[in-house]
Amino acid sequence: MSDTFDRAAENVGNILAMEHLNLTVPDQEMAALFYVTGLGFTRDPYMDFGTFNMWINVGQQQFHLPKSKAQRFRGHIDITVPNLDELKARLERLGKPLKGTEFGWEIYDDHIGVTCPWGNSLRCFAPDPAIGMELGIHNLEMQIPEGTSGAIAEFYRVAFATPATAIDGISKVCVGTNQTLQFVETDASIADYDSHHIAIYVADFSSPHQWLVERDRITEESDQHQYRFQALTDGTDTALVELEHEVRSLHHPMHARNLVNRNAGQHFFNFRRGREAFVPGS
Ligand SMILES: [Fe+2]
């Protein structure tokens, strides 16, 4: 026992990381322009799918962007970037080449709101010591129907043994040390689910699987290290909301893979040898 330290504040739940968000895009060239040139992220140099797919590294998270009809995340993708001024300068240069698409951006008090060429909403924040991340996807904020936030928090608590709260119509799910999934009730109409997905890593892999099997909610037994489900459910037959989760064990070959990130502040005219890589805190 200690009355000096809040030991409980150090706890994390069973979901240790949200690693990637998969959103299909119809145009790889335009996606590279937006995610690499504009946002300053890094195309994964090792998992190279040519012009069919692209993995974009954002710190220890990724966007997966296979080529197909555009998918949209129903909410906001919250990202920590190292430098908002540099981001603004890059976004200013994208207006012309992305003219005629849904691309746009706006400066808010604490972030830059950016809309991708196909309508996805990204909110870019400067590093926050309370989050403890300098580059990465720190939160996904998804719209949910009115009256479902309590049951969604309960779903993550019971099925995944991870801390989750529901306060004022917002369920907030703890993911590892520095990420969250948030589900925000809205009375506005929510777009139909279009099969985009997220990937999470869990420490206890079999208990959530068993819970989902008992409710017939597994949609894919991918391999030894991965399964998928799509419906967030209150344990009955009712799907509260759909968001495919690729659930991976810590034995998955890609767990904690070292993702390459570049220093987006480097360009032809200010190049300094040895500063090519993104280094937190530099
Ligand atoms: Fe995936």
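Is A161 buried, exposed or partly exposed? A161 counts as partly exposed, because 17 C-beta neighbours lie inside 10 Å, whereas a buried residue needs 20 or more and an exposed one has 12 or fewer. The structure discussed here is a predicted model.

## Overall architecture

The chain contains 4 helices and 16 strands. Its C-alpha trace spans about 60 × 50 × 40 Å along the principal axes. The radius of gyration is 19 Å, which agrees with the value near 19 Å that a compact globule of 282 residues would have.

Of the 282 residues, 38% count as buried. Among contacts in the chain with a separation of 6 or more, 63% are between residues 24 or more positions apart.

## The largest nonpolar core

In soluble globular proteins, nonpolar side chains tend to be buried together. In this chain the largest nonpolar core has 67 residues. The members that touch the most other members are M18, L21, I56, I152, Y156 and I200. Helix α3, residues 149–160, provides the largest share of this core, with 7 residues.

I56 is one of those core members. Leaving out residues up to four places away in sequence, I56 touches Y35, F41, R43, Q62, F63 and L65. F63 and Q62 from that list belong to strand β4, where both are buried.

Strand β4 covers residues 61–64, and both of its faces are covered. Q61 and F63 are on one side, Q62 and H64 are on the other, and all four residues are buried.

β4 pairs with two strands described here. Strand β1, residues 15–22, runs parallel to β4 and is joined to it by 3 bridges. Strand β3, residues 55–58, runs antiparallel to β4, with 4 bridges between them. H64 takes part in both pairings: H64 is the bridge partner of N22, and W55 stands opposite H64. β3 and β4 form a hairpin with 2 residues between them. In the turn of this hairpin, G59 has a positive phi of about 65°.

## Positive phi at two alanines

A161 is not a glycine, yet it has a positive phi of about 50°. A161 lies in the loop between α3 and β10, the latter being residues 164–167.

A256 is found in the segment after β16. With 12 C-beta neighbours inside 10 Å, A256 counts as exposed, because the exposed class takes in residues with 12 or fewer.

## E244 in strand β16

E244 lies in strand β16, which covers residues 239–249. E244 counts as partly exposed because it has 18 C-beta neighbours inside 10 Å.

Apart from neighbours within four places in sequence, E244 is in contact with S195, H197, R228 and Q230. E244 and L232 are 12 residues apart in sequence, and their C-alpha atoms are 8.9 Å apart in space.

How values were computed: Residues are numbered from 1 along each chain as its sequence is written. This is a predicted model: local features need pLDDT of at least 70, side-chain atom pairs count only at pLDDT 80 or more; totals for chains, interfaces and linings use all residues. A nonpolar core is a set of buried Ala, Val, Leu, Ile, Met, Phe, Trp, Tyr and Cys residues joined through C-beta atoms within 7 Å. Two residues are in contact if their C-beta atoms, placed from the backbone, lie within 7 Å. The radius of gyration is taken over C-alpha atoms; the globule rule is 2.2 Å times the number of residues to the power 0.38. Two strands pair if DSSP finds at least two bridges between them.
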